[in-house]
Amino acid sequence: MRESVHTRAGRRDLPSRRVRLGIIAVTGAAALLAAACSSPAGHQAAGHNGHAAASPSVSPPAQVVISPASGTTHVNPSKGISVTVSQGKISNVSVTTGSDSVAGLLATGAQSWHTKWALRPSTKYNVTVTAVNPSGKTSTATSTFRTLTPSATMSATTALGNQTYGVGMPIMITFSSPVTRRAAVEQAIEIKSSKPVVGAWMWDGNQALDFRTQVYWPEHTNVSFVAHFNGLEFAPGVFGTANLSQGFHIGNSLIGVTSTRTHKTRIYWKNKLFGVWTDSSGMPGDDTADGTYLTIEKANP
């Protein structure tokens, strides 16, 4: 006589355990029959009473929360869109406004997502999120909302044009009114360069912002930036209504090293000494402070 045991595929995230059947004695024969099987944790093989094991528990569906919620109006565009999922992971997020799509960032673990930049003011958005639970079952959630129309706006401009500059040229942005949310403004600006650089933002008052490299731009570097200011809240209740972008080129290196002791300036062109010129630095009563200075304009005289 032989007992049989049926097994089912178990969940991947649970360890399996082994259940060994007892030895069955057969009258008149010195034979021992043994059988073994493996069964996932949470399942039991059929017992001696012949009853089948209980069905495994089913994973609950993934719970999706979208903010702003569907039907919301007058949404602050600077806050963007956030998605969170519990009892599952995000498999897809689609955000559209008309025919345009919106970029976002998926967090490690795929349980949260947020738009990368501010939303557009006075715009209707459609959000569709698909999530999957541990059992592989998908859930879908949607939200449709509209951003506010700003009562106060401001603009930004740059002094840069699409031309060639020297290795010390900063990215310069000027705002039409004071900025109080400086960190948000800095984070909204995306800089790209064909050669890697290290730099930082510097504010000159509350309406002028510069990006300066730690040393200099490498020669012959292509630089571009996009300031994602459309919908960004620069100050309480004051929003941007347009992005700002510009590309430019870094040409040959021209650097002057001045000594206020000797009143001589050593001119380096393309990283080689070109000449030594007399200068008027360090005049009595009008001392020149040590440091790095940028020549960003030229005129006659």
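Here are some notes on the predicted model above.

1. Ground rules. Residue numbers start from 1 along each chain as its sequence is written, and side-chain values use heavy atoms, with hydrogens and water left out. As this is a predicted model, local features need pLDDT of at least 70 and side-chain atom pairs count only at pLDDT 80 or more, while totals for chains, interfaces and linings use all residues.

2. Overall make-up. The protein chain has 26 strands and one helix (DSSP runs numbered from the N terminus: E of at least two residues for strands, H or I of at least four for helices). Of its 301 residues, 30% are buried (under 20% relative accessible area; exposed is over 50%, partly exposed in between, with a 1.4 Å probe and protein chains only).

3. Contacts and surface. Take the contacts (heavy atoms within 4.5 Å) with a separation of 6 or more: 57% of them join residues 24 or more positions apart. The accessible surface is about 19,000 Å², and carbon and sulfur atoms own 51% of that (Shrake-Rupley method, 1.4 Å probe; for residues, only the protein chains shown count as cover).

4. A nonpolar patch. Leu-254, Trp-269, Phe-274 and Trp-277 make a nonpolar surface patch, with about 480 Å² of accessible area together. Patch members have over 30% relative accessible area and no salt bridge, and nonpolar side chains (Val, Leu, Ile, Met, Phe, Trp, Tyr) are joined within 5 Å, like charges within 9 Å. A salt bridge here is a Lys or Arg side-chain nitrogen within 4 Å of an Asp or Glu carboxyl oxygen. Phe-274 sits in strand 26 (residues 272–278) and counts as exposed because its relative accessibility is 56%.

5. Thr-147, worth a look. You'll find Thr-147 in the loop between strand 12 (138–146) and strand 13 (152–154), and it is buried, at 3% relative accessible area. Its side chain reaches two backbone nitrogens: that of Ser-122 at 3.0 Å and that of Thr-123 at 2.9 Å. Not counting residues up to four places away in sequence, Thr-147 touches several others, including His-74, Pro-77, Leu-119 and Tyr-125.

6. The loop between strands 5 and 6. Pro-68 is in this loop, between strand 5 (63–67) and strand 6 (82–86), and the Ser-67 to Pro-68 peptide bond is cis, with omega near 10°. His-74 is in the loop too; its phi is positive, about 55°, although it is not a glycine. At 64% relative accessible area, His-74 is exposed.

7. Another positive phi. His-220, not a glycine either, has a phi of about 60°. It belongs to the loop between strand 19 (208–213) and strand 20 (222–227), and at 41% relative accessibility it is partly exposed.

Methods: Polar contact = N/O pair within 3.5 Å; in protein donor to acceptor, adjacent residues only side chain to side chain.
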